[in-house]
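Colleague: Walk me through the model, please. I would like the strands and then the helices.

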Amino acid sequence: MANLYSQAEADRLAFWSAQAHKLDWHKPFTQTLDWSQAPVAKWFADGEINACFNALDRHVLAGHGDRVALLFEGEPGDTKTYTYSDLLVETKRAANALLNLGINAGDRVAIYMPMIPETVIAILACARIGAVHSVVFGGFSADSLRSRIDDAQAKLVITADGGYRKGKAHALKEAVDHALSAENCPTIENVLVVKRTGTEVVWNPKDIWWHEALAEASAEHVAVGFDAEHPLFILYTSGTTGKPKGILHTTGGYLTGASYTHKTVFDLKPETDVYWCTADVGWITGHTYVIYGPLANGATQVIYEGTPDSPTFERWWQIIEKYKVSIFYTAPTAIRTFMKLGKEIIEGKDLSSLRILGSVGEPINPEAWQWYHDVIGNSRCEIVDTWWQTETGSIMISPVPGAFKTKPGSAQRALPGIKVGIVDENGRAVEVSTAGSVAGYLTIDEPWPSMLRGVWGDHDRFVETYWSKFTGKYFAGDGARFDEDGDIWLLGRIDDVIKVSGHRLSTAEIESALVEHHWVAEAAVVGAKDEITEQAVVAFVILRQDEIADAPDEESIGKILRAWVTEKIGAIARPRQIMVVTELPKTRSGKIMRRLLRDVAEGRPVGDVTTLADSSVMTAINDKLSLGAND
């Protein structure tokens, strides 16, 4: 591994060119990077490549068609195995089915699915024909789905009648029907529906069964190359304004970053490893480390439909034992949940196949790291604590197995080929010599292949959000510090984005949803520390006096508004607590001081209130708060 670091240090562009050349190109590139239109990069731009071909065809052509690609475990206990040859045949049929429906290169396809093999096939079929997929997490509401479809102007939705979650069938098509009702989403021409649960669904003129469409499609399809900068997918992520951002990733650079980091960080040995990333494909981790990275590298992997507690909290460990998983990648939220339950959950389970344990989504606290290492890894597995974002496309900072001695809670070093820094408010570098007590802002200082190419339809927002704070540097939105060894410790978000179980949620988006309710005049949302989910949503609302004459008591109001947020955004955004207040803490200029609300929500003494227009507001709120209400 030291060789990779030295190669990247000696000639960064030659290093990235070498990583890209490990993929199969329909037309070789001659220029590695064009940064002339910064901050929009062009990587390998004169080359042509097909992401699906690299995920499937090339392994079959190399004689690895019989290698298992997917080991599917459904929540009810049903299973299915796909070899690379199996997956290629199904993906070719799906690609032809999309073409038969008039989907062509550049068209956008919304995917709203459970974690089943058809979801992987649908994503790869889009990539195969050059259609741009936009996956929406199946836990998001109909309104959230509608807004993303409209922003991307998608022509097709691929969904399922439902999926299994927490022991029962969870409806999906119903939400699609609601999203497309009345005059909504006029760009949608068809809805492809996978039959998963057998749940009865309403059938509309635009609806087509997935299995019928594939049965009528040819199993022959030749993948053609697309420009390296051809859009591959749009993935929406919360920002500091109410409207989610459509993060755009293109093909050649993204696939280079995905395959390189997956192989390097997890020390993948495709002939022998069984890999399992527990992320849903509705998030970037599922895109990069369930779909594109593992398949481009010819890995054998597990995909699981359900949650870690169905039917019991032993399920994940049973799956690891059953399939002899050797590489396991999950979120600190899950680790903390299991830690709270105790090591009894793995008693009697054979986890000896594990050799690499990964962590993703948020900084992992040292106590959880140690428990993961000692209990799950039996003190013998390497732990890779990874930092990256939807926008970065692939892992930026992580230990590399065997390269350095790992530290509980530290993501440690930027990967070879990645250059990061920590700066103060004025953009001055925070040096390692000032380590320990000095925190700063994490930046990425040089372009990298899997970087986002923009915000869909909003170039100005792309520049303002990521490139305006520090000249010439990508600002990640996270705080960080160096320790005395130069290792990096991530400190979490510094803006108005909350991370719940590793998923980014916009405070503005949740506030907007609350104010849409006719009871609510004003709302302020903060993230409060939570020992399981890292942060929990806590909302403070002012009610409209003209609307609440017949409203129920405050506890009932909280329950109703929590359900309202769930309906508008999804269960992931449901506030842990909603507190009804008469005023919000504001400065004389009218700015809400969320810092003070965060103090209250986390049970700390309230900080400096001298800048408030009325300091008694915080006294009233602090006196009223009772943590645990609305749970």
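Modeller: Two strands pair if DSSP finds at least two bridges between them. Strands (E, at least two residues) and helices (H or I, at least four) are DSSP runs, numbered from the N terminus. The model is predicted: local features need pLDDT of at least 70, side-chain atom pairs count only at pLDDT 80 or more, and totals for chains, interfaces and linings use all residues. Residues are numbered from 1 along each chain as its sequence is written, and side-chain values use heavy atoms, without hydrogens and water.

Colleague: Which residue of β24 is the bridge partner of Y441?

Modeller: Strand β22 covers residues 440-444, and strand β24 covers 474-482. They pair in the antiparallel sense over four bridges. In β24, Y441 has as its bridge partner G479.

Colleague: Which are the edge strands of the sheet?

Modeller: The open sheet has four strands, in the order β21-β22-β24-β25, with antiparallel pairing. An edge strand here pairs on one side only. The edge strands are β21 (420-423) and β25 (488-493).

Colleague: Is α3 parallel or oblique to α10?

Modeller: The axes of α3 (51-64) and α10 (284-296) come within 8 Å and cross at roughly 45°. Axes are lines fitted to C-alpha atoms, for helices over the stretch in contact; angles run from 0 to 180 degrees between N-to-C directions. Under 35 degrees counts as roughly parallel, over 145 as roughly antiparallel, 65 to 115 as roughly perpendicular and the rest as oblique. Therefore α3 is, relative to α10, oblique.
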